[in-house]
Structures are given as C-alpha cells and as structure tokens.
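Subject: A structure to look through

Dear colleague,

My notes on what was found in it follow below.

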Amino acid sequence: MEVYLDNNATTMVDPEVFKAMEPFFCTIYGNPNSLHKFGAGTHPKMVEALNFLYDGINAADEDDIIITANATESNNTVLKGIWIDKILNGNKNHIITSEVEHPSITAVCRFLETQGVSVTYLPVNDEGVIDAHTVKEYIQEDTALVSIMWANNETGKIFPVKEIGAICKEAGVPFHTDATQAIGKIAVDVQACNVDYLSFSAHKFHGPKGIGGLYVSKGNALTPLLHGGEQMGGHRAGTVDVASMVGMGLAMKLAVENLEFENTEVKRLRDKLEDAILELPETIVIGGKANRTPNTTLISIRGVEGESMLWDMNQKTIGASTGSACASEDLEANPVMNAFGSDSELAHTGVRFSLSRFTTEEQIDYAIEVIKKAVLRLRAISSSYAYTPKNHVSQL
C-alpha cells in the first residue's frame with residue numbers, strides 16, 4: 001500500500017481540478033491578451049477563477065489578487081516591493097518577521113540585510129508561535145513591514161494573525177502573511193484580520209504546481225517584481241497560465257467547501273495516527289496538540305533520527321518528511337525545534353506527518369503498523385537511545 005503523508009510539501013491535484021484544466025491545453029488555448037475570439041474565449045473562466053479566489057479569502061472587490069508562479073514569488077514581490085517603495089525611496093528601514101518563516105521570507109530578509117536593511121527576527125514562544133504583543137514591542141518609527149506566517153509548515157501551529165493585524169493597523173504599518181499552509185485547512189479572512197498582503201500557492205490545496213497568488217489590499221500596490229507587459233493590470237508581467245489559473249480557482253473553491261471535512265474527518269485520522277505513535281515511550285508532539293491545522297503533526301521520537309525514520313518508511317512506500325532543516329553540512333536543527341530548548345540529539349528526531357482529504361483510514365492503519373515497527377528497529381540500533389538512563393525525562 002502506498003501512503004502519502006507529506007501534504008504540507010505538496011498535494012495531489014483534485015481530479016475535478018484536473019478535469020477543469022484539460023480544455024485549456026488543446027481546445028481553448030488562445031492567449032488571453034489577444035483580441036480575437038481564441039483569446040477572448042478564455043476570459044469567462046479566468047473571471048470565474050478570480051471570483052473563486054476572492055471568495056476563498058474574503059477579499060473585497062476593490063482589492064487585487066495578482067496571479068504569480070508560487071508563494072515564493074509572492075513573498076519576494078512583497079518584501080522587495082516594500083524595500084524599493086518604502087526603504088530605498090522612502091524613510092523606513094526596518095522589517096519585522098519571525099525566526100520560523102519559510103526560506104522564501106528569511107532568505108530575502110538576509111539579502112535585504114546585505115543592502116543595509118534592519119531586520120528583526122522574532123523568536124517563537126514555548127508553543128512554537130509568536131506572541132502578538134511581541135510584535136507591538138518591536139514596531140518602531142521606521143518599520144516598513146511586518147511579515148508573519150499564518151500557519152507553520154512543520155508544526156501546523158496557527159499564529160495570531162488577527163491580533164497582529166490589529167496591532168499593525170493601529171501602528172500604521174503594512175502587514176503581510178504567508179498563508180501557504182493555512183488555505184484549505186482553516187478559514188482565511190483577509191478583511192477580518194486586517195491583512196494588507198497575503199501569499200499562497202495552489203499546489204498546497206490540491207491545485208496545480210507552478211501557480212500561486214498575492215492578495216494586495218486597496219491602496220497598497222507595490223512596484224512589480226516582474227516588468228514587461230500589462231498583464232495583471234501592470235502588477236505582474238507575463239502571459240497568464242490560463243489552465244493553471246482555472247485550476248487554482250476551482251481548487252480554492254473546493255478547499256473552502258471541504259473545510260468542515262478537513263476539521264472533522266482529516267483531524268480524526270491525524271489524531272488516530274498521532275495517538276498511536278504517542279503510545280510509544282518518549283515520544284512527544286512538538287508544540288503540543290492545541291491550536292494547530294487539522295492535518296499536521298510534528299512528532300519527536302527519542303533515539304530515532306528523522307532521516308533514518310524516513311528511510312524505513314520509504315521502504316514500505318510511506319512518504320513523510322523530517323522536522324530537521326538540512327540547510328548545512330552540519331544538519332542544523334530547525335528553529336522550531338530549538339525553540340523548545342531541545343538538546344542536539346533530540347533536535348534531529350522530528351518527523352512531520354501531514355494528511356489531506358484524500359487520506360484513507362486504511363492508509364493510516366497501515367502507516368501505524370509500519371511506523372511502530374520502524375521505531376522499535378531503529379531504537380534497537382541507536383547508541384544514543386541504548387545509553388539513555390531508564391529514568392530519563394525529556395526536557396521538552
């Protein structure tokens with residue numbers, strides 16, 4: 001049996017989405033910017049797709065949703081646009097973000113630091129999230145942007161974006177959130193949360209890869225990352241991938257329609273898997289069980305290196321991911337793990353399991369059987385686990 005439990009990395013395309021996309025490859029294939037009927041024929045479905053996107057995040061008609069290649073492009077567009085508009089050509093020089101953002105945020109911030117920009121990287125608390133009041137404490141007169149994720153890709157922990165949005169609005173500072181791991185799992189409402197910019201990728205909610213979006217609230221347009229034609233109202237040049245845009249729009253619609261299923265049935269299966277693993281001694285859920293997206297769990301298994309666990313599962317055709325960041329030859333632990341004061345050995349034992357609405361009970365039952373056997377095997381050959389005192393108590 002094949003079991004895919006790495007849905008925070010990417011998801012399968014919903015068959016309904018694939019079916020909706022098919023005509024735009026060989027039948028309705030005109031360039032949407034052409035004036036003839038072949039181009040104009042794409043417009044109704046493009047408008048429909050945009051409407052699905054607006055409805056999915058509760059964007060207002062006056063706001064913009066820019067079609068991009070992915071959330072990485074969207075994140076780059078916001079950060080570099082702010083740099084150009086408010087720092088190079090303004091009187092600001094400070095950005096606030098967190099230590100646990102996606103690399104498409106942190107890598108850009110590191111680049112901006114080389115250009116003289118001051119960046120504050122807020123630490124997470126003992127639950128793995130940012131305290132909203134911390135954002136308020138670090139906002140200063142020259143703060144140009146606050147960029148905090150909506151949900152963490154590893155732990156699934158949900159950040160207090162509504163409170164942060166209110167703080168930013170009161171301070172007059174633009175607020176950006178990377179909602180890549182939130183859409184399709186929990187309700188996302190840009191108006192209720194005072195969001196100015198929001199990034200997302202279709203392939204995280206059963207849409208196609210290679211397309212994403214950037215929400216921009218009214219009055220907050222930025223200098224484009226890509227210059228050229230007047231596509232997307234001049235906000236992002238380049239011919240739109242109509243098939244993928246149609247797919248993303250429908251995927252958003254279906255994701256929102258399935259939120260109740262996500263928060264009941266998917267959550268039930270996640271909890272079943274999680275509880276079964278936690279029956280093993282010295283296993284914990286990183287960040288605890290509260291305040292998470294319903295499909296995600298990051299579990300630390302003492303004495304079992306994450307990469308070794310993935311290898312054993314892969315031999316039994318189970319896909320998951322490690323909670324460690326392989327960003328260097330030293331295999332540095334992810335800041336999410338470090339935030340809990342984990343020791344160097346424990347910091348590499350996290351394994352992330354992320355389900356989807358296509359995950360079945362039979363798959364979870366099979367995964368539980370394989371995972372338990374793998375843990376027993378790996379612990380039996382683990383020198384670090386073999387010499388752990390029997391009365392050892394984890395500091396996590």
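Helices (H or I, at least four residues) and strands (E, at least two) are DSSP runs, numbered from the N terminus. Please keep in mind that this is a predicted model, in which local features need pLDDT of at least 70, side-chain atom pairs count only at pLDDT 80 or more, and totals for chains, interfaces and linings use all residues. Residues are numbered from 1 along each chain as its sequence is written, and side-chain values use heavy atoms, with hydrogens and water left out.

Taken as a whole, the chain contains 14 helices and 13 strands. Its C-alpha atoms fill a box of roughly 70 × 55 × 35 Å along the principal axes. The radius of gyration (taken over C-alpha atoms) can be set against a globule rule, which is 2.2 Å times the number of residues to the power 0.38. For 396 residues a compact globule would have a value near 21 Å, and the chain, with 22 Å, agrees with this.

The sheet comes next. Two strands are said to pair if DSSP finds at least two bridges between them. Seven strands form an open sheet with mixed pairing, in the order S2-S8-S7-S6-S5-S3-S4. Strand S2 (64-68) and strand S4 (118-122) stand at the edges with a single partner strand each, so one side of each is left without a neighbour in the sheet. Within the sheet, strand S5 (residues 143-147) pairs with strand S6 (residues 175-178) in the parallel sense over two bridges, and Ser147 has His176 of S6 as its bridge partner.

Contact, in turn, means heavy atoms within 4.5 Å. Helix H4 (residues 43-57) lies across S2, strand S7 (197-201) and strand S8 (212-216), and runs at about 120 degrees to S2. Helix H6 (residues 103-114) packs on the sheet by touching strand S3 (94-98), S4, S5 and S6, and its direction makes about 145 degrees with that of S4.

Finally, helix H13 (residues 361-380) meets two other helices. How do H10 and H13 lie relative to each other? Helix H10 (residues 259-278) packs with H13 at about 15 degrees, with the axes 10 Å apart, and the two are therefore roughly parallel. Their contact includes Leu269 and Leu273 of H10 and Ile364 and Ile368 of H13. The axes of helix H11 (residues 306-315) and H13 come within 10 Å and cross at roughly 130 degrees, which makes H11 oblique to H13. Here Ser308, Met309, Asp312 and Met313 in H11 meet Ile371, Ala374, Val375, Arg377 and Leu378 in H13.

Terms used:
Axes are lines fitted to C-alpha atoms, for helices over the stretch in contact, and angles run from 0 to 180 degrees between N-to-C directions. Angles under 35 degrees count as roughly parallel, over 145 as roughly antiparallel, 65 to 115 as roughly perpendicular and the rest as oblique.
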